[in-house]
Amino acid sequence: MAPEQHRLFDDLEGHEQVVVCSDPRSGLRALIAIHSTARGPALGGTRFHAYPSDADALRDVLNLARGMSYKAAMAGLDLGGGKAVIIGDPLTDKTPELLRAYGRFVQSLNGRYYTACDVGTYSEDMDVIAEECRFVTGRTVAHGGAGDSSVLTAYGVFQGMRAAAEVTWGAPSLAGRTVGVAGVGKVGHHLVEHLLEDGAEVVVSDVYAPAVERVLEAHPEVRAVADTDALVAAPLDVYSPCALGDALTDDVVAILQARVVCGAANNQLAHPGVEKQLADRGILYAPDYVVNAGGLIQVADELHGFDFERARERAALILDTTREVFALAGSEGVPPVVAADRIAEQRMADAARADGDRGIWLPS
């Protein structure tokens with residue numbers, strides 16, 4: 001009994017709380033993971049995805065929740081990190097009944113976890129969840145919410161990319177650079193617009209053909225390639241993964257021609273050690289949870305009465321935060337992701353010490 005229990009807690013990787021949500025009547029099968037509330041209540045989106053197995057869903061929600069803790073700390077927010085996954089195909093399994101059942105589980109946590117949009121969920125879904133739950137952000141503008149958080153996610157990634165361009169080429173601009181965007185869905189298509197406005201040449205790919213067609217129709221100057229493999233092998237200056245995680249595998253790093261990697265996808269490094277492979281090849285990696293924090297900033301602002309310009313100004317600071325990470329990485333001779341981890345972990349540790357004996361956030 002004891003050894004099995006030990007393995008269980010090892011698998012949970014130091015997360016404060018993991019909740020299994022099951023509602024047979026609606027078909028809901030979901031997981032909520034709270035990684036850290038040292039800095040405040042956990043906030044993170046709800047991903048609706050058809051995972052190959054429950055183990056894959058658990059791995060993803062744990063990784064995503066941990067990333068949210070680091071993201072909130074790097075963004076300077078008084079929030080912790082959490083995430084949820086609903087297991088299923090959002091195109092066929094998502095129903096109002098299922099979303100409301102999920103909302104009841106979030107409500108049962110009494111504010112330790114705030115949910116928002118993620119892959120497979122939208123602001124309209126948050127409105128449905130809010131019928132059963134007070135702890136929802138990213139709602140539609142019509143319901144007083146911040147709306148689609150992908151807007152400032154893309155804006156923050158663009159700011160992080162400017163910082164990477166400054167380190168690599170001497171100026172915070174992508175003008176004249178070729179940027180490959182893998183995934184032009186909710187975030188990627190906004191990022192494409194920022195890049196074009198800055199004077200970049202853009203190449204795109206996406207597994208969902210209509211997403212590519214939408215970009216090409218709006219911007220005929222954009223080029224498309226058959227798939228991500230073709231994009232990775234293309235002569236790029238910047239590679240921007242904006243789909244699901246694990247984008248940077250050993251094989252990808254081995255053939256990648258870009259000098260900068262900066263994208264919106266969470267958990268881009270397929271395994272520990274990839275960050276060193278990138279550094280060894282002279283590829284500058286902008287840590288994903290640093291540059292993609294704009295969406296979190298956007299929905300977090302909703303908790304105080306949403307003001308888009310205020311949130312946009314805060315997301316613009318991602319430029320300076322990314323510069324800080326690159327500077328620390330250079331001074332300490334470590335990859336940028338190691339430098340970012342050190343900054344985030346110090347901020348969480350400082351908050352835990354300031355909280356005295358608790359170290360976790362509890363409802364008032």
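Author: The second largest pocket holds about 510 Å³ of space. A pocket is an open set of points, on a 1 Å grid over the protein atoms alone, with protein on both sides within 12 Å along at least five of seven lines; its volume is the space filled by probe spheres (1.4 Å) set on the points. The model is predicted, with local features needing pLDDT of at least 70 and side-chain atom pairs pLDDT 80 or more, while totals for chains, interfaces and linings use all residues. Residues are numbered from 1 along each chain as its sequence is written, and side-chain values use heavy atoms, without hydrogens and water.

The lining of this pocket comprises 20 residues (each with an atom within 4 Å of a point). Nearest the centre lie Arg 66, Asn 267, Leu 269, Pro 272 and Val 337. Two or more lining residues come from each of α2 (54-74), α12 (288-291) and α16, and α2 gives the most, with four. Helices here are DSSP runs of H or I with at least four residues, numbered from the N terminus. By class, the lining has eight nonpolar, five polar and seven charged residues; Ala, Val, Leu, Ile, Met, Phe, Trp, Tyr, Cys and Pro count as nonpolar, Asp, Glu, Lys and Arg as charged, and the others, Gly among them, as polar.

Helix α16 (residues 336-354) also packs against α15 (residues 318-332), at an angle of about 110° and with axes 8 Å apart. The two are therefore roughly perpendicular (65 to 115 degrees).

Methods: Axes are lines fitted to C-alpha atoms, for helices over the stretch in contact, and angles run from 0 to 180 degrees between N-to-C directions. Angles under 35 degrees count as roughly parallel, over 145 as roughly antiparallel, 65 to 115 as roughly perpendicular and the rest as oblique.
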